[in-house]
Amino acid sequence: MAAVPELAPRAASRADGLAHQRIATAVMIAFFALAPLVLYPVFLMKVMCFALFACAFNLLIGYGGLLSFGHAMFLGTAGYASAHAAKVWGFPPEFAILFGTACSALLGLVTGLLAIRRQGIYFAMITLALAQMMYFFYLQAPFTGGEDGIQAVPRGKLFGLLDLNSVWAMYALVFAVFVGGFLLIHRTVHSPFGQVLKAIRENEARALSLGYDVNRYKLLAYVLSGTLAGLAGATKVLVFELASLTDVHWTMSGEVVLMVLLGGLGTVFGPVVGALIIISMENYLAQIGSWVTVVQGVIFVICVLTFRRGVVGELGRLIGKPL
Amino acid sequence: MEIFGVPTQALFGQLLIGLINGSFYALLSLGLAVIFGLLNIINFTHGAQYMMGAFCAYFLLSKLGVGYWWALAITPLVVGAIGMVIERLMLARLYKLDHLYGLLLTFGLALIIQGLFRNEYGTSGIPYALPQELSGGRNLGFMFLPNYRAWVILASLVVCLATWFVIEKTKLGSYLRAATENPQLVQAFGINVPRMITLTYGFGVALAAFAGVMAAPIYQVNPLMGADLIIVVFAVVVIGGMGSIMGSIVTGFALGLIEGLTKVFYPEASNTVIFIIMAIVLMIKPAGLFGTQR
């Protein structure tokens, strides 16, 4: 009985929080819709690709509690697959992206079956090692072009109609992919599936005792995360017309961890903000050149020692509502 | 002379390289296991600390004229001391948090250290001369054995076994193992556990630095020499499981040998074979060959 009056305000605040998130989502979408009028469109497309990549990564760590240190393998695999499909097989862009994403989903299934056998630190080490294996595979495989990568990937015509060589058509596609992916993740997190995932993160033994097949939920989250990371990678390849080893290297896996950590682990908008900050830093501080690695390391250390909530996490705490 | 269509010279040559690599895998995974046992942290900086060991030996030689043998003694102390400072200033703040934060912090530190060295010294290796006493080699009849390589295998084997002996057979080691099981209780017995943690981290780092000095004459001194190596060592640790000290040593040497054999029979897979073995082990025995699930 005593619980009843408590329940009501909590429910109200949850609805209130969701309203907040809807407003924030609208602001974010408006930003990416209007920003190309002021900012360089290719830069924004890069930000959106990495933001989707980071959101996919955050789905796994923020809601599943699984830290993957090998997410670059999904970004890179989808990139190589879609580049190969578009350039060598002459796939139209929509099928090239789909093919690349499907390859990442398959890779997610195979590596996921191995990785979810261990938890915590071991999960991180295993994903890192598997990603390194993929890196060596792509380094040696004949179709990836080794150090050169796959260059001059044709953007083609979307659905045979829309010529993606126009910056605005390309921008519209990336925008649609990013917003679609973002909303899908948002929907997943708030679905019953997402709730079970959070329960597993909080107390795995309890979730297991309640009858949830914990490993299947984890695997599904892992595959979904890898698939969406692949979608980001395939789209990114069309934007830059290039698939290269950078995208499968462990530094890329570290970069996405950094984006999410800086933006805020487990927050809805953190990955987007983190991607925006890190990509801006790399683009606009180009003169610092080789210092980028050092700066990234310093941000890592500062975030872990004193800023564990991240930018969005701190903002959410300031306004008292989750963002 | 040939075995399975492979000239014996090439076969034993690659096996020797495999054993050398295995020595480094064993030393590095041993350090990781010792640190993990007490701190519950996977030390991502391990590769960078191995590199610092090689650089420290190079600085000692080029700036102070201190030779290989002294470097072998001084470097682990210097780099280990730097490690202890890092533990006191940073890692010590994280013990109450999720262990993953330790991984993230040490990853960030590795980026900083490797980035700084790369900015200063580029990515091309700096040669480090072999110590005079160990130049040359001997002909064993079936193969030529360079003296330095024999020394590396012997020295790392001795250091690994000594570490095993100290941890498993001495009183100091029993304190360490007890603190791994239950730090609160050990502290209640009047043992200074925080200091023990600091010293353990320093010791693990010193092992990495020792490996770095030994690697300097073989692989040259390179800011990124530890960056990819540490990922392979992670796979070695997953295969062996971190429960047993002897397990780390055996797995390290064995995987080095297997890698060497792969180079002979199917060179294309030599970079990936350890990761493939890891995948197989995960399917059969997820806790690792010598590990216990924890």
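Analyst: Happy to! Two residues are in contact if their C-beta atoms, placed from the backbone, lie within 7 Å. This is a predicted model, in which local features need pLDDT of at least 70 and side-chain atom pairs count only at pLDDT 80 or more, while totals for chains, interfaces and linings use all residues. Residues are numbered from 1 along each chain as its sequence is written, with chains lettered from A and ligands numbered from 1 in the order in which they are written.

Now to the contact itself: chain B brings 33 residues to it, and chain A brings 33 residues. On the side of chain B that touches chain A, the elements giving two or more residues are α4 (99-121), α9 (229-240) and α11 (273-284) of chain B. Helices here are DSSP runs (H or I, at least four residues), as are strands (E, at least two), numbered from the N terminus. The most comes from α4(B), with 16 residues.

Sorted by class, this side of chain B has 23 nonpolar, seven polar and three charged residues. Ala, Val, Leu, Ile, Met, Phe, Trp, Tyr, Cys and Pro count as nonpolar, Asp, Glu, Lys and Arg as charged, and the others, Gly among them, as polar.

For the setting, chain B has eleven helices and four strands in its secondary structure. Its C-alpha trace spans about 65 × 50 × 35 Å along the principal axes of chain B.
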